[in-house]
Amino acid sequence: MKQFPPGIRFKYPWRKYQQRVLNELEVYKKDNHLHIVAPPGSGKTVLGLQLCLELQQPVLILAPTLAIRDQWADRFCELFLQQATLPDWISFDIRKPSLMTIVTYQGLHAACSNFKGPSTEDPDSGADTVETSGSVNNPSLESLLKKLRSAGIKTIIADEAHHLKNEWWHTLFAVKDRLQPVVIGLTATPPYDVSWAEWQRYTLMNGPVDAEITIPELIQEGDLCPHQDHIFYTVPTTEESRELHQFKAEAEKIMQSLKTDSGLIAAIEQHPVWTAPLSCLEWIYENMEQYMAFLVFMQHNQKEIPQAHKEITDNPGYPVPVLDERWLGILVKCFLYDPHPASNAFNQQRRQLEAHLKKAGILERKEISFTENSRINALLASCINKLKAIEQIVSFEYKQAGPGTRCVILSDYIRKEFLAAEKENNTPINKLGVVPVFETLRRSNNNNKKLGVLTGSLVIIPQTALPLLNAIASPGSFSTTPLSYDTRYLLLTITAGSRQSAVSLVTHLFQRGAIEVLTGTKSLLGEGWDAPEINTLVLASTVGSFVLSNQMRGRAIRAVRTDPGKTANIWHLACVYPALQNGGSDYQAVARRLKGFAGISSGEPPIIENGIARLDPPADLTDASLLDVHTQKSFARAQERRILKERWTAAIAKGSQLTDALKIPFKEKRPYEQTQKLYLFRTIRNLFFLIALAFVHFLQDALIAYLKLFKAVHSGAGLTLFISIFSLGGIVIFGGATFKAFKIYIKYRDIALDLKHIGDALLNTLIYTGAIKSPEEKLRVVATKEKAGAVFCHLEGATSLERSVFMDALFELVDPVTNPRYIIIRKSRLFFFVTQEDYHAVPRLLGRHQHAAGYFRKQWQTQVGRCELVYTRTQEGRKLLLYARLKSLAAVLENKPEHTSKWI
């Protein structure tokens, strides 16, 4: 059978966003790829099945687990065939393919006798290319391919192909290369935060993202519930702080010693890069940060920088930053692992320093950090105060919802050692994990909340859940044992069945309210687990990656048809180390997590975007008192569940799609408009004083004559001298203040207009090169500025792929210069006397061809203003590139551009 029987169709109406994808199928499949991103609850399985019917050719469906494999068949029979029995043309055996063959990735790999590709660079190692292994002979693979061709397989559906084992990719690419099928990639969590090589591998299989179904669309349709993220800020305990301070003090002592280390000075003074830099230009071009670290370090030690270094950039006054821990770390790493023969004379000192830094915890895996290491990071992630935070959150949520509470707490480790076999369990709880969380809640359970535990090796249910368990489980399929120290709770053991049976039973108890607060591991309850009744999720996990974070969070935001008023609170626990400006690694992990998905802001008016900024984090993470204030604000917002739906509705009404945008944040302490007005006022004020002084100066003769008339003074010479000195001093003071205030006011001008012009020049060039093919009349670059001062820029009227191409190129333009083939020197003049040069990297997509770069220069001149295009692969171009990079490295870019997603 080569086609699906007639009359098969989906029995329900299509949702608006599903119909949108189906309508554009012909456009998407032109490159034989259809890559769809859709969150949990969006019906992507059903969408994939409909795409099979639309293509009308035999299909191979690949699923990550047996449970998800079976789900594909069950959904097809229930929603399309409307029958319980499987037709004979659906196969679960890859060796016996049929019209619809549904197998796991592991099953496909095993059928090829665990096929491995040629010995190539592993994508995880950071290689820039990915081998597809399609040209390698393998008897099992060839036999399988023959069967797949015989069955007519011309479509492959790759479900959740974002976390496969490395060796499975070789098999997958080999099958794809030989069959040349249409590939449909379906995922809720594309791995946006992986390395470039891993992302390249992922997109080679699935193609670029064609369509994305977003969370706001699903909430608008009622398929996901309104929800809000909250952050509970904690600080280390006294004991933990002691260890943190001890490390910081030791690291500070070592850092201060290294800043003036005579051995490092001697090593640099004998290095060819220092003594003969003009003969080491290639090394300098390829190791810019290390070279800059040499200059920074020697300047700090008041060593004269040879003239040759100034000649390299044709700029004798180039800026050199202050020596800080970042530059010192770069320098020390270069010293320890520099392969240049000149460094061999210092081998003994290098070995001693390496051992010393490793012992102090400053050097790990050839990386240097004076602020954190794996031990410090683990200490912050497992901060014991997080247990108190969980206790407060659960108590708060139960006070709001009572028996209607359906709270899930996810942790990384089980930690069974905190269970006791005695009649009392008074074991001090000094670690974070599933059992410590359960014990903390059990010991403070004054209102008899129904607590439970679900992991792969430990299941605990309340004794009150036993009647319901007896009603839903097969007789003799389980046994229970009371906890020795608390008979209100039972250890559950499945005597007949699999681990999945325990998950299914406990999930049913949770859904029915026999368990109200369930604690488990992220590995068991992360992907695939489904309990739509969850209304509170506490992420007591260290996970910061996009994929796992989105999976865990997706458990709580599903809608419940029988409860249209459902809302969800998602709590993130962040242990902040106040001694660090950035809050430490645990806070940064939460920030990465929140960057991975879009949600509603906490401020007014509500907006939908990704990132931690939407939750109004403390402006100063070194002030511990501010952390508690912001936690209390989180509780106040969490109490507003009844207006959460109204806030989502208001935010959704402001836009129509979730768009990738470039964001330049405004990070002054004052609001943007207030800052701009402040410096404008100062400019006007100082200018007024200048005019007043000039007025006094020019009218001094009239003043002297007037005073003489009344004999107030006998001589004008003294008064003239006094007024002249007073005026000159005033001009110096207020003139400098005026110039400074005016410069800052210019800094806070409407940069949205500048970004718009740059975006227009880029768009016109991408259209010219064919990278963007949508009708030109539909395309529009939009740059907007919020009241808070942040500037957003995005492209309207383009496909998902075109928007992605545009945003990547724009980001390259505004980011600090690295190593492009061409750079644009932007030249601006203010009032004919203030000149400025800015350096922008021509995006790689345009820099590949001279004619494209030249066209971009013409567009820049038309849209933006005067500029110069420089090819950097010549001697003079290299010098200019070096200066541009030095300037970028020396600059302190507070408002660094960010990729963001925003509902527009």
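Residues are numbered from 1 along each chain as its sequence is written, and side-chain values use heavy atoms, with hydrogens and water left out. Because the model is predicted, local features need pLDDT of at least 70 and side-chain atom pairs count only at pLDDT 80 or more, while totals for chains, interfaces and linings use all residues.

## Cavities

Rolling a probe the size of a water molecule over the atoms shows where empty space is left. A cavity is a set of points, on a 1 Å grid over the protein atoms alone, where a 1.4 Å probe fits but cannot get out; lining residues have an atom within 4 Å of a point. Grid points are joined across faces, edges and corners, and a volume is the space filled by probe spheres set on the points. The whole structure contains 2 cavities of 30 Å³ or more.

| Cavity | Volume | Lining by class |
|---|---|---|
| Largest | About 100 Å³ | 7 nonpolar, 2 polar, 1 charged |

The lining of the largest cavity includes Leu264, Phe294, Cys334 and Asp338. Helices α11 (262-269) and α16 (325-337) each supply at least two of its lining residues; helices (H or I, at least four residues) and strands (E, at least two) are DSSP runs, numbered from the N terminus.

Around the second largest cavity stand, among others, Asp229, Tyr233, Pro617 and Arg637. Both β8 (227-234) and α26 (624-638) supply at least two residues of this lining. Which element gives the most to the lining of the second largest cavity? It is β8, with 4 residues.

## Ser411 in its strand

Ser411 belongs to strand β11 (residues 407-411). Its relative accessible area is 2%, so Ser411 is buried (under 20% relative accessible area; exposed is over 50%, partly exposed in between, with a 1.4 Å probe and protein chains only). Leaving aside residues up to four places away in sequence, Ser411 touches Leu432, Gly433, Val434, Gly520, Thr521, Lys522 and Ala540, where contact means heavy atoms within 4.5 Å.

## Cysteines

A disulfide is a pair of cysteine sulfur atoms within 2.5 Å, and the search of the whole structure finds 0 disulfides. Cys52 counts as buried because its relative accessibility is 1%. Cys867 also counts as buried, at 12% relative accessibility.

Conventions:
On a 1 Å grid over the protein atoms alone, a cavity is a set of points where a 1.4 Å probe fits but cannot get out, and a pocket is an open set with protein on both sides within 12 Å along at least five of seven lines; lining residues have an atom within 4 Å of a point. Ala, Val, Leu, Ile, Met, Phe, Trp, Tyr, Cys and Pro count as nonpolar, Asp, Glu, Lys and Arg as charged, and the others, Gly among them, as polar.
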